[in-house]
Amino acid sequence: MHTSTTSTAILEPWTAEQLLQATQGYWHLDRRPDAEIKRILTDSRHAESGDAFLALKGERFDAHDFVAQVVAQGCQVVIVSRPLDVMDQDVFQLVVSDTRLALGQLGAYRRSQHPHLKVIALTGSSGKTTVKEMLYSILSQRAATLVTRGNLNNDLGVPMMLLELRAEHQYAVMELGANHQGEIDYTAQLVQPDVAGILNIGTAHLGEFGGRDGICRAKSEIYAHINAQGTAIVPADDAYFRQISAAIQSPHRLSFGQGGDVYATQIQLHAQSTSFVLNSPQGQHALELPFAGLHNVHNATAAAAFALAIGIDINDIIVGLAKAQGAKGRLNFIQKNNILFIDDTYNANPSSMRAAAQVLTQQAGVRVMVLGDIGELGDAALLEHHDLGRDLAQLPIEYVIPVGEFAASTASGDATQKIRAYATQAEALIDLLKLTEKHQPQSMSFLFKGSRSTHMETLMADLMEKI
């Protein structure tokens, strides 16, 4: 058994004294290892000789129960919140008050050991992953860059990423997420960014925050920990621009989007890419962006603003954006015979659903949007899905197929009878196969999207396998 948030990062080594200094704990029986510790990890499956296993405790698990297992695997250093009766006397136990907080302290300590590192921290309701990938493409041309992997953006994931910092890193791009007030304040304090900003205030995690005002307050915590000479990045065209601006204490700020310092003009949308002129304090530059959709033009202006604020030349930014690649499950285009599959299954919220639908409208042939439920909307879930169905039904998309608990709510917003709702993927697959048979040999374009919990990539793979 193992914890749900895991890290198997290769780290700069630690000494026993550094672990003690970082966590303010104590070595049980005053016994400490002489050898360097090669990495700290929380996944019991991967712990081995030379590692330190940090035993997290959650609502449904207690990794202290796995200490005997990691010792059997050869791991001789454990970080625990209480001394354990370990049969193997060669095990060294660093006892801390709270292992969850100790993970944060270790991440913050590692960050403090890299004072010359330039750190970007970003948050927002949508677009975080894409902007992060764009920034990685820009910065990694110049020097080694650490970037948040996957969804390691919470109070556990952020310190795990910081533990991966190495001497060669000159830049770090840290994505900060939140599902409760105070979480971004905590992670931003660990990260100590030089540049930090919000991409947008949408309706993702609406249920946890009780409305967009609460989301704005939570996201705005990112500005509290920018270093003294750092820069705050602000979305100029966001409905919450004034509230966001009021939270900023930094003397320097840079805005993006229409009405901002960095913005796009002469936008042309293509089936699988966009072209536009990027306007910035360093002039106007034409750009071919290998990402589809107007929302990705907005993401590119955000990435450019972050990069400019950290001192990157605009020409390097243009080259980096032109070379950027989307993350897996983020509008990936897969052609199979005369059928185009668009994999946008990484995650979803109401605004990203609408943005993906706009991309589908640019495609050829019979267009089919297959969507799973949007999670974490709380009491607003029924209304949000109803309104989404209403909006999707008005677009030039031939078929809209919602799947899951809220599929009927999505269909209830449709006055055109274009939407066909299904409770399960198995039921939806039968209809999708019938649709492909009906329209063959016409070209078709399928877009799959849903929250992570819906696993819409499974339905897409099943359909691809059977046609």
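Good morning, colleagues. Please bear in mind that this is a predicted model. I shall begin with the overall division of the chain. There is a domain 1 covering residues 16-97, a domain 2 covering 114-323 and a domain 3 covering 332-466. Between the C-alpha centres of domain 1 and domain 3 the distance is 46 Å.

Strand 2 runs parallel to strand 3 (residues 51-54), and three bridges join them. Within strand 3, Ala52 is the residue that stands opposite Ile40.

The other open sheet has six strands in the order 7-8-6-9-10-11, and here the pairing is parallel. Strand 7 (144-147) and strand 11 (252-256) are the edge strands, each pairing on one side only. On average, and ignoring direction, neighbouring strands of this sheet are turned by 15° against each other. As for individual pairs, strand 6 (residues 118-123) and strand 9 (residues 195-198) run parallel and are joined by four bridges. Thr123 has Ile198 of strand 9 standing opposite.

Finally, the surface. Which residues form a nonpolar patch there? They are Ile267, Leu269 and Leu294, and together they have about 240 Å² of accessible area. Of these, Leu294 is placed in helix 10, which comprises residues 294-309.

Thank you for your attention.

Notes. Residues are numbered from 1 along each chain as its sequence is written. This is a predicted model: local features need pLDDT of at least 70, side-chain atom pairs count only at pLDDT 80 or more; totals for chains, interfaces and linings use all residues. Side-chain values use heavy atoms; hydrogens and water are left out. Patches are made of residues with over 30% relative accessible area and no salt bridge: like charges are joined within 9 Å, nonpolar side chains (Val, Leu, Ile, Met, Phe, Trp, Tyr) within 5 Å. Accessible areas come from the Shrake-Rupley method with a 1.4 Å probe; for residues, only the protein chains shown count as cover. A salt bridge is a side-chain nitrogen of Lys or Arg within 4 Å of a carboxyl oxygen of Asp or Glu. Helices (H or I, at least four residues) and strands (E, at least two) are DSSP runs, numbered from the N terminus. Two strands pair if DSSP finds at least two bridges between them. Axes are lines fitted to C-alpha atoms, for helices over the stretch in contact, and angles run from 0 to 180 degrees between N-to-C directions. Domain bounds come from an automatic or database domain assignment.
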